[in-house]
Amino acid sequence: MSEYERWESRYAFPEYAFGREPNYFLAACKAQLPPSGRALAVADGEGRNGAWLAQQGLDVVSIDFSPSAQRKAKALAAERQVSVAFAQADVHDWDYPEAAFDVVVDIFTQFSPPRDRERKWAGMRRALRPGGLLILQGYTPKQLDYRTGGPKEIENLYTRAMLEEAFKDFTDVTIVEEEREIHEGISHAGMSAVIGLTARKPYA
């Protein structure tokens with residue numbers, strides 16, 4: 001089964017696999033968001049994070065390769081009475097526009113093996129405006145012990161050293177590692193080992 005087929009089957013059910021509320025780490029970053037501007041939600045799935053960003057007053061582009069997920073994301077945006085632009089695309093190959101977004105959000109997109117992850121992160125970096133905010137969260141290798149969500153391939157998981165190296169030229173870098181209960185739909189449920197990053201693209 002291809003990655004596309006796996007996610008399509010996962011999103012085919014009426015229930016929202018990851019719930020309808022925003023990721024807790026993203027919601028905790030609310031005070032850092034600009035009062036207006038453009039936001040990109042990468043691999044936004046069923047739209048919980050994109051819809052929430054739009055509720056904060058941002059113009060949101062939500063990208064994902066699953067049409068089943070985006071149908072649910074559009075329904076959620078309509079329910080929340082917010083406008084979100086949707087692009088059905090592979091996040092590794094999408095034509096990330098240069099310096100187009102004030103915020104880029106990348107939450108639990110760890111289906112990417114290392115080579116693809118580098119391409120995705122390069123696109124996200126390009127899409128951020130100077131001074132723009134990057135918000136990222138994923139599982140650490142400790143998550144393999146908990147088995148409460150996320151990939152089974154250790155190379156797809158994030159470490160502090162990996163994030164520090166990948167975004168070493170960014171400013172205002174904050175990295176939070178924690179083990180905590182997460183209940184976000186049926187797919188993220190239970191004690192989890194996670195790492196989150198916020199950082200700003202440099203001006204020069």
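Mentor: The structure holds 1 cavity of 30 Å³ or more, where a cavity is, on a 1 Å grid over the protein atoms alone, a set of points where a 1.4 Å probe fits but cannot get out, and where grid points are joined across faces, edges and corners and a volume is the space filled by probe spheres set on the points. This is a predicted model, in which local features need pLDDT of at least 70 and side-chain atom pairs count only at pLDDT 80 or more, while totals for chains, interfaces and linings use all residues. Residues are numbered from 1 along each chain as its sequence is written, and side-chain values use heavy atoms, with hydrogens and water left out.

The volume of the largest cavity is about 30 Å³, and its lining (residues with an atom within 4 Å of a point) is made up of Ala41, Val42, Ala43, Asp44, Asn49, Val105, Asp106 and Ile107. Two or more residues of that lining come from each of strand S1 (38-42) and strand S4 (101-107), strands being DSSP runs of E with at least two residues, numbered from the N terminus. With 3 residues, S4 gives the most to this lining. Sorted by class, the lining has 5 nonpolar, 1 polar and 2 charged residues, where Ala, Val, Leu, Ile, Met, Phe, Trp, Tyr, Cys and Pro count as nonpolar, Asp, Glu, Lys and Arg as charged, and the others, Gly among them, as polar.

Key:
On a 1 Å grid over the protein atoms alone, a cavity is a set of points where a 1.4 Å probe fits but cannot get out, and a pocket is an open set with protein on both sides within 12 Å along at least five of seven lines; lining residues have an atom within 4 Å of a point. Helices (H or I, at least four residues) and strands (E, at least two) are DSSP runs, numbered from the N terminus.
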